[in-house]
Amino acid sequence: GLFVTDYFTRTPRKLSPFRSFASIELFHFHIPEDTVIAVWNLITFKEQGGTFGDQCPDRSITVYFRSGAPSVINPLHTHFPRDTAVPGSFALTLTWTLPNRTTGVFNVTSPLPGDWFLAAHLPKDEGKISVKGLYEECQYLFQPQLIVQRLVNIAVLYPGHVTEQSMAPHNRSCLYKVFVPSYTSRVLVEVLRCRGAEGCPLWLRVRAKAPPLHNSTTLDCREHTPCQLAQDLPFWQHWYYVLVEKHPGVLGTVSFQVTVQLTDCSRPSLARPPFLPSSTSMNMPHSFGSAGGLALGNSPPPTSPNDTKHPVPIPVTLHTGERCWPVRPTLRNELDTFSVHFYIFFGPNVSVPPDRPAVFVINLLPVLDSGGVLNLELRLNVSSLRGENVTVFGCLNHGVPLTSGDNTSVTCETESLAGFLLSVNATASLSRLRIPYPQTGSWYLSLRSLCATEHGFEPCTNVTAEVYLRAYLSPCINDCGIYGQCKLLRTNNYLYAACECKAGWNGWGCTDNAEAFSYGFQLLSTLLLCLSNVMFVPPVAIAVRSHYLLEAAVYIFTMFFSTFYHACDQPGIVVFCIMEYDVLQFCDFLGSLMSVWVTVIAMARLQPIVKQASVLYLLGAMLLSMALQMDRHGLWNLLGPSLFALGIMAVAWTARTIRRRHCYPPTWKRWAFYLCPGALIAAAAVLLYAFVETEENYFYIHSIWHLLIAGSVGFLLPPRAKPSRRLGPLPRRKGCGYQLCINEQEELGLVDPAVASINSICTS
């Protein structure tokens with residue numbers, strides 16, 4: 001055959017340590033049909049400060065692969081919620097081969113066509129809280145690339161027609177494909193008139209959706225005469241691939257004929273006539289509820305599965321053993337993103353007769369529905385059992401309904417088909433099933449009622465069980481409970497939902513309480529963070545006593561909003577919000593920065609130098625509001641205003657020192673008992689905030705931060721001199737002149753103005 005190579009790539013993305021599925025990076029690929037091999041080239045490199053991160057530590061990277069929907073991963077080995085089915089996926093761990101770059105390769109032979117999803121993440125870290133911009137962070141970037149090789153012009157087999165083939169000595173195999181329409185109960189592939197040097201030295205392999213592999217359904221034509229390979233309950237609306245392969249060591253030419261027979265569900269004793277498939281391939285009804293309707297129409301054969309349409313909501317029939325049962329459709333009602341309800345006609349109560357199953361179909365749209373959770377709920381009406389020991393079994397299968405011909409069978413699996421089993425009875429009348437990130441397409445639910453006896457389950461007589469059936473699609477499992485938040489995430493044009501847990505809870509639905517915070521711990525942490533702000537009361541009293549009324553108002557503002565912000569910011573259930581979270585956070589950050597600003601400006605004593613010092617207070621409030629609106633967690637939001645205010649204070653103190661030719665403040669007591677302790681306390685608070693704080697110790701480290709910052713303000717806030725008391729008005733000389741008044745107390749910068757009397761010297 002002729003091979004065509006396609007190449008796909010995605011832009012590099014920064015990986016994050018794993019905390020929940022919301023912290024992973026998801027990549028979406030589409031593999032075309034007839035692909036024989038897919039190769040993922042996984043490129044990972046480090047960056048630090050815009051350059052290669054040679055000094056960054058090596059951290060392993062885990063990549064998950066899954067076809068049809070995103071992977072349901074559990075690297076922390078947490079517990080899943082009850083009644084949750086966990087689909088499998090491939091996993092690969094990348095190790096570093098170079099200081100700043102590594103590459104991994106993942107090959108898939110004959111991959112399933114359609115959507116493929118890759119999920120990547122770093123290992124879980126210690127949860128350190130770092131200040132944004134404090135140092136250059138190590139970034140781990142991941143870029144997947146996909147190379148596929150597909151066959152073109154694969155020979156198509158038509159049901160009922162014979163295709164002749166002569167395999168030359170240099171050829172090892174021949175590949176065919178046949179399209180299986182809906183409501184097909186059996187696919188029979190047969191090799192006829194096989195002639196070779198050693199009888200019929202051929203292997204016959206069949207596989208759905210993709211070319212066969214070495215472990216696909218196989219038949220040795222040497223040992224079986226006739227060479228027939230049957231597939232019961234094939235997937236509907238898919239291609240089936242037939243591979244005829246020579247035995248190793250066969251050198252001569254081998255000629256043979258290959259034919260395919262498709263058994264129609266409504267006519268199990270007849271095969272589909274050549275070029276005349278039944279009307280089910282065009283989604284026409286076979287019957288309207290009767291168990292043997294044979295109203296058929298004819299239509300041309302499909303040339304591609306893309307030409308087919310989804311079944312219309314009209315009951316059709318399903319073959320089970322020697323009978324056909326109606327398949328009841330569901331009505332799709334979209335309420336919101338990943339919020340879809342599937343209603344049953346004449347439901348939601350369903351009657352399950354004793355002699356036949358009740359079959360329903362749920363259609364999930366491609367791509368759109370695979371990012372949520374498929375929920376199924378069965379509730380048995382015990383009063384309808386009439387005292388009989390009846391159990392209703394349900395089988396949920398993807399692609400084709402599964403109903404066994406054996407009435408006593410309670411399995412939902414075959415050699416090529418796997419499903420999910422549900423059961424309800426008089427003792428356990430409720431059964432649930434949750435499938436996170438389900439595969440799209442058609443899901444079939446088959447309900448059967450059986451009676452329990454001493455010898456096992458047997459068919460019931462004259463008892464029709466009534467079951468309440470509910471099927472719906474939701475973003476997350478139980479909306480992540482009270483200790484989680486359901487987040488709607490997007491990668492390029494693909495949407496998916498995931499839970500983000502809090503207060504130590506983990507798991508896919510935030511139901512794993514192995515590391516959960518107790519109610520007492522949550523209450524204690526909330527009280528610590530809130531009541532530690534009471535430490536601002538002494539600075540407020542000192543400011544009022546020293547007539548710093550504006551500074552006192554800022555400290556009261558900070559104390560109030562910091563208290564209620566932390567009361568609203570708690571991860572557990574001990575939460576109290578008086579305003580919107582965003583408003584409380586903005587006011588808390590603004591109050592904290594304004595407290596630093598007004599304290600340092602007050603220490604500069606600008607009033608004698610700048611008559612309108614209040615301009616600086618107003619300017620600082622406007623600039624800080626702008627900076628917080630741009631980035632609330634940036635390092636320069638704290639350092640910028642602080643350094644600017646310290647610069648103003650340094651200029652003011654230097655000017656006084658030069659003018660007076662003496663260090664300012666001049667008293668050693670001011671330095672020893674106020675400035676140095678206050679500066680040391682503030683520095684300790686900054687070090688704790690920047691380098692010690694983590695998610696585990698946040699509650700008490702941040703409370704200590706509140707205490708230290710408020711304590712440092714009490715030490716650093718300068719005393720304000722009392723207004724100078726003049727002895728009396730001095731006589732003014734007539735004519736021109738000037739009067740210069742100097743407050744000696746303020747110039748000396750004494751701590752307590754009451755220690756010495758104030759003398760004003762006025763000269764003219």
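How many helices and strands are there in the protein? There are nine helices and 36 strands. Both are DSSP runs numbered from the N terminus, with at least four residues (H or I) for a helix and at least two (E) for a strand. The model is predicted: local features need pLDDT of at least 70, side-chain atom pairs count only at pLDDT 80 or more, and totals for chains, interfaces and linings use all residues. Residues are numbered from 1 along each chain as its sequence is written, and side-chain values use heavy atoms, with hydrogens and water left out.

The protein has 764 residues, and 48% of them count as buried. Buried means under 20% relative accessible area, exposed means over 50%, and partly exposed lies in between (1.4 Å probe, protein chains only). The accessible surface comes to about 37,900 Å². Carbon and sulfur atoms account for 58% of that surface. These areas come from the Shrake-Rupley method with a 1.4 Å probe; for residues, only the protein chains shown count as cover. Contact means heavy atoms within 4.5 Å. Among contacts between residues at least 6 apart in sequence, 75% join residues at least 24 apart.

The largest nonpolar core holds 44 residues. Such a core is a set of buried Ala, Val, Leu, Ile, Met, Phe, Trp, Tyr and Cys residues joined through side-chain atoms within 4.5 Å. Tyr555, Met594, Trp597, Val598, Ile601 and Leu606 touch the most other members. Helices H2, H3 (549-568), H4 (581-604), H5 (614-630), H6 (636-660), H7 (668-692) and H8 (698-716) each supply at least two residues of this core. H4 gives the most, with 14 residues. Not counting residues up to four places away in sequence, Val598 touches Leu550, Glu551, Val554, Tyr555 and Tyr617. Another core, of 39 residues, lies apart from this one and includes Val187, Val250, Leu402 and Tyr444.

Helix H1 (residues 519-531) provides the largest share of the patch, four residues. Val537 lies in helix H2 (residues 537-545) and is partly exposed, with a relative accessible area of 41%.

Strand pairing was examined next. Two strands pair if DSSP finds at least two bridges between them. E11 runs parallel to E13 (residues 173-180), joined by two bridges. Ala155 has Tyr176 in E13 as its bridge partner. Elsewhere, E33 (residues 484-491) and E34 (residues 494-501) run antiparallel and are joined by eight bridges. Lys487 has Ala498 in E34 as its bridge partner. The two strands form a hairpin with two residues between them, and Asn492 in the turn has a positive phi of about 55°.

The whole structure contains 16 salt bridges. A salt bridge is a side-chain nitrogen of Lys or Arg within 4 Å of a carboxyl oxygen of Asp or Glu. Arg150 pairs with Asp6, with the closest N and O atoms 2.8 Å apart. Arg150 is in strand E10 and Asp6 in strand E1 (residues 2-9), 144 residues apart. Asp232 and Arg186 also meet in a salt bridge (3.0 Å, N to O). Glu377 forms one with Arg470, at 3.9 Å between the closest N and O atoms. Glu377 lies in strand E26 (residues 373-380) and Arg470 in strand E32 (residues 465-474), so this pair ties together parts that are 93 residues apart in sequence. Glu377 is buried, at 8% relative accessible area, whereas Arg470 is partly exposed, at 30%. Glu377, Arg379, Arg432 and Arg470 are linked in a salt-bridge network.

Gly127 lies in the loop between strands E9 (114-121) and E10 (138-152). Gly127 counts as buried, at 3% relative accessibility. Its C-alpha atom is 7.4 Å from that of Glu696, 569 residues away along the chain. Leaving aside neighbours within four places in sequence, Gly127 is in contact with Arg19, Thr694 and Glu695.
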